[in-house]
Amino acid sequence: MTLYEQAARRRTIAVISHPDAGKSTLTEALALHAQVIGEAGAVHGKGNRSGVVSDWLEMEQKRGISITSAALQFAWGDLVINLLDTPGHADFSEDTYRVLTAVDCAVMLIDSAKGLEPQTYKLFEVCRRRNVPVIAFINKWDRPGREALELIDEITDRLDREPQLVTWPVGIGGSEFGLLDAATGDVHAYRKAPGGAHLAEEDTLSPAAADEHFGEDALRAREEAELLPALDSDAPKASVMPILFGAALGNIGVRQLLATVDQWAPAPGDRPTQSETERPVDSAFSGFVFKMQAGMDPKHRDHVAYVRVCSGTFERGMILTHEPTKRAFATKYALSIFGRDREVAERAYPGDVVGLVNAANLAVGDTLYDPDGPAVTFPPMPVFEPEHFAAARVADPSDAKKFRRGMDKLVQEGVVQRLISELRGDGNPILAAVGPLQFEVASHRMEHEFGARIVLDTLPYSVAQQVAAEDATSISHLAGVEIARRHDGVTLALLRDIYLARSIGRTHPDVTLTPLLADAS
Ligand code: GDP
């Protein structure tokens, strides 16, 4: 198979959802339909459900939440799907945002009883800014939820993408319901399998047979479905949204989701770079780090860099160039499967994820490329808008050196952002995060991994806006304002709240405060 064919049969996706919408259940349902062929990191099994529990970090176990991201690789016919996991907890949405830079399509999972929840909306906005196509899967249709039309109206109004149907529900949840295939008019009738551990029983009914079987419900479903266009696979992907209904728990509608990913989600293609030109998918190997993970194995405090392959073939043992330093990086120990059971990756193609170990000198956003091909730099990882701030200092001043080294590492991995305030100086940096649990991870790792216990003082700011360095002095004395510099040199005004930002706009018309984009690109 040529490199181009390998790329063409791949789809790299992530599921975006609010906690409890069914992401873990959908991942397991996909695993029932398609064959799991590889795993990077560990699937976050919950409770005693199947799945490899990612328990490498003590804190994860204590809290019962998943902090890390991982990737699963499935085969479905000729298709190879890379499913990049995203942390469920909203406090780690910064991780999720970074994962979204590495996918070509997202599946937006919606709980049919709850509609578009806040976390889902936020993640959709990140997809919109990056032009990531989004497929909507309305889940839990096996139990009473909201009206299908009402749900679609809500989604469409708020997200501004044209809904195009793949399936439409017939009847409301219970032990039996159907999915109307918008392209053929056939109805797939399902009987729920007890517990959802097996595929639900399915019958395919012609339109006439469906009318007989479902009666009024079938007629109504047809009338409703006719209000919306069926999915046009050639439609511009960023302006439409394929809509599917189903129940991940009963494995209902999941096959249609796989088919939509196959037919509609884009395959890895040529990729924008920092220069004007795109990197052709079939040129020499290149990729970028979208996630760093440390301490996977408590005995070896190793650093793993997850790399999304953008072009070419990755072969284990290759010596790559690390773009920011132009140094060589050996990939002898590249992994496709890790966690407890490690397996070595021999080869990977565009869209795939490889884990590089001994990656302590890599950082999120870094480009790697084959020095035998042309050099390339992919755009830097966007910096996301922090909402929580805390000043950090080392508990025991004799650990100052470890403190500095540990902080450098955490910033490099993207665990927290670090801001330096003139008031406090280098030794007392301000940590900034999207979610406060990021502070707990930082604190835990500083003590247990770097041997420097830290003290955090929560600061009363909730907004950071960009300000020109020369304007900063005219507002730095105001109550509820502190000026700090980000690692990339940008000057930020940390503000008590958004109302203060607005009032400064009125009282200091000469000072321009610019909101940070959640995604700077
Ligand atoms: P996550 O937090 O998004 O990973 O959600 P989970 O996959 O853990 O699901 C949350 C809850 O919803 C669990 O109790 C699931 O059993 C349940 N659930 C998920 N999908 C379905 C579904 O299709 N139907 C029903 N009835 N329950 C579901």
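Author: A polar contact is a pair of N or O atoms within 3.5 Å; within protein, one must be able to donate a hydrogen and the other to accept it, and residues adjacent in sequence count only if both atoms are side-chain atoms. In this predicted model, local features need pLDDT of at least 70 and side-chain atom pairs count only at pLDDT 80 or more, while totals for chains, interfaces and linings use all residues. Residues are numbered from 1 along each chain as its sequence is written, and side-chain values use heavy atoms, with hydrogens and water left out.

Reader: Which atom of Leu249 lies 3.1 Å from an oxygen atom of the ligand?

Author: A backbone N or O atom of Leu249 does. An oxygen atom of the ligand is also 2.9 Å from a polar backbone atom of Gly22. With Asp142 the side chain takes part: one of its N or O atoms is 2.8 Å from a nitrogen atom of the ligand. The protein buries 81% of the 580 Å² that the ligand exposes when taken alone; such accessible areas come from the Shrake-Rupley method with a 1.4 Å probe, and for residues only the protein chains shown count as cover.

Reader: How many residues surround the ligand, and which are the closest?

Author: A residue is near a molecule or strand if one of its heavy atoms lies within 4 Å of it. Here 15 residues surround the ligand, and the closest are Asp20, Lys23, Ser24, Thr25 and Asp142. The shell divides into 5 nonpolar, 4 polar and 6 charged residues, where Ala, Val, Leu, Ile, Met, Phe, Trp, Tyr, Cys and Pro count as nonpolar, Asp, Glu, Lys and Arg as charged, and the others, Gly among them, as polar.

Reader: Which helix gives the largest share of that shell?

Author: Helices (H or I, at least four residues) and strands (E, at least two) are DSSP runs, numbered from the N terminus. Helix α2 (residues 23-33) gives the largest share, 3 residues.

Reader: What is the strand order in the open sheet of 8 strands?

Author: Strands of a sheet pair through backbone hydrogen bonds, either parallel or antiparallel. Two strands count as paired if DSSP finds at least two bridges between them. The order here is β28-β25-β27-β26-β30-β31-β29-β32, with antiparallel pairing. Because β28 (454-458) and β32 (513-515) stand at the edges with a single partner strand each, one side of each has no neighbour in the sheet. The twist from one strand to the next averages 40°; axes are lines fitted to C-alpha atoms, for helices over the stretch in contact, and angles run from 0 to 180 degrees between N-to-C directions.

Reader: Which residue in β27 is the bridge partner of Phe389?

Author: Ala432 is the partner. Strands β25 (residues 388-394) and β27 (residues 430-433) are antiparallel and share 4 bridges. Helix α10 (residues 400-413) packs on this sheet, touching β25, β26 (417-421), β27 and β28, and its direction makes about 150° with that of β25. Contact means heavy atoms within 4.5 Å.
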